[in-house]
Amino acid sequence: MLSPTPRLRVRHALALVLVAVLLSLGIGAAPLDMSEGHRAVPAWEMLRTGDWLVTHLFEQPYLRKPPGMTWAIALSSAIFGQTEFAARVVSVLASLAAAIVVAWWATRRFGAPWGAWAGFAHLTWPWLLEPMRSAEIEALNTSATVFAAVALWETLLPRPESTARARWVWSALAGLAVLVTLLAKGPASAPA
């Protein structure tokens with residue numbers, strides 16, 4: 001039987017962190033590939049020029065994608081330097097955050113061991129592994145979509161002990177997560 005409010009165990013969250021680290025070893029070893037440069041180069045240009053409003057690629061405004069991932073890579077590059085690692089670690093952190101949210105939510109709903117397994121399943125799902133290791137939009141968008149789904153679930157189908165204030169907080173978090181999906185991928189993320 002579940003306790004009234006099961007909590008994600010610290011050891012489960014730390015195990016998720018360890019798995020994410022192991023899965024992301026070597027993310028900075030290879031040069032940027034395919035369209036990763038379309039995210040990293042404008043981010044590095046933001047750092048160089050200080051213009052954070054309009055993304056630029058080869059000194060031209062780059063408006064094909066929203067600036068969310070570019071901003072995230074610019075922030076990461078300000079911390080870690082303008083490297084492949086800095087460009088790709090954003091996706092690793094977004095994937096890890098989504099896995100922890102999945103584990104937390106599943107633990108609340110189904111109990112500790114099942115929540116941990118749900119987090120591991122999310123983190124190691126083959127369709128999510130490649131985006132986790134690349135400087136692309138998908139991991140950030142998926143993470144924000146997971147956050148929005150969990151927040152909407154907690155708003156619309158709350159646990160019995162949930163308060164009206166908690167539902168308002170969940171509603172605000174859902175709105176924030178939807179905003180992040182729009183900043184990460186734009187209208188293409190609307191169906192999710």
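**Chatting through the model**

Analyst: Let's start with a pair: glutamate 36 and arginine 88 are both buried. Keep in mind that this is a predicted model.

User: OK, and what does glutamate 36 form with arginine 88?
Analyst: A salt bridge, and the closest N and O atoms are 2.8 Å apart. Glutamate 36 sits in the loop between α1 and α2 while arginine 88 is in helix α4, so the pair ties together parts 52 residues apart in sequence.

User: Why do side chains pair like that?
Analyst: Side chains of opposite charge can pair when their charged atoms come close.

User: How many salt bridges does the structure hold?
Analyst: Seven. One of them joins arginine 48 to glutamate 45, with 2.4 Å between the closest N and O atoms.

User: Where are those two, arginine 48 and glutamate 45?
Analyst: Both are in helix α2, and because they are three residues apart there, about one helical turn separates them.

User: Is arginine 48 buried or exposed? And glutamate 45, buried or exposed?
Analyst: Arginine 48 has 59% relative accessibility, so it counts as exposed. Exposed means over 50%. Glutamate 45 is at 18% relative accessible area, so that one is buried, as the cut-off for buried is under 20%.

User: Which residues are linked in a network of salt bridges?
Analyst: Arg108, Arg109 and Glu154.

User: Switching topic. How would you even find empty space in a protein?
Analyst: You roll a probe the size of a water molecule over the atoms, and that shows where empty space is left.

User: Which elements give two or more residues to its lining?
Analyst: Those are α4 (84-110), α5 (112-124), α6 (126-132) and α7 (138-156). Helix α7 gives the most, with four residues.

User: Which residues line that cavity?
Analyst: Among them are Ala94, His122, Leu128, Met132 and Thr142. Glu138, the partner of lysine 185 in that salt bridge, is in the lining too.

User: And what's the lining like by class?
Analyst: Seven nonpolar residues, four polar and one charged.

User: Let's go to the surface. Which residues form a nonpolar patch there?
Analyst: Val17, Leu18, Val21, Leu22 and Leu25, with about 440 Å² of accessible area together.

User: Where's leucine 25?
Analyst: In the loop between α1 (10-23) and α2 (37-49). Leucine 25 has 55% relative accessibility, so it counts as exposed.

User: Last one: what about alanine 118, where is it?
Analyst: In helix α5. At 23% relative accessibility, alanine 118 counts as partly exposed.

User: How far is its C-alpha atom from that of valine 102?
Analyst: The two C-alpha atoms are 6.4 Å apart, although alanine 118 and valine 102 are 16 residues apart along the chain.

Technical notes. Residues numbered from 1 in each chain as written. Predicted model: local features only at pLDDT ≥ 70, side-chain atom pairs only at ≥ 80, totals over all residues. Heavy atoms only, no water. Patch = residues over 30% accessible without salt bridge, like charges linked within 9 Å, V, L, I, M, F, W, Y side chains within 5 Å. Areas by Shrake-Rupley, 256 points an atom, 1.4 Å probe, with all protein chains shown as cover. Salt bridge = Lys/Arg side-chain N within 4 Å of Asp/Glu carboxyl O. Buried < 20%, exposed > 50% of the residue type's maximum accessible area, 1.4 Å probe, protein only. 1 Å grid on protein atoms, 1.4 Å probe; cavity = no way out; pocket = protein on both sides within 12 Å on 5 of 7 lines; lining within 4 Å. Nonpolar A, V, L, I, M, F, W, Y, C, P; charged D, E, K, R; others polar.
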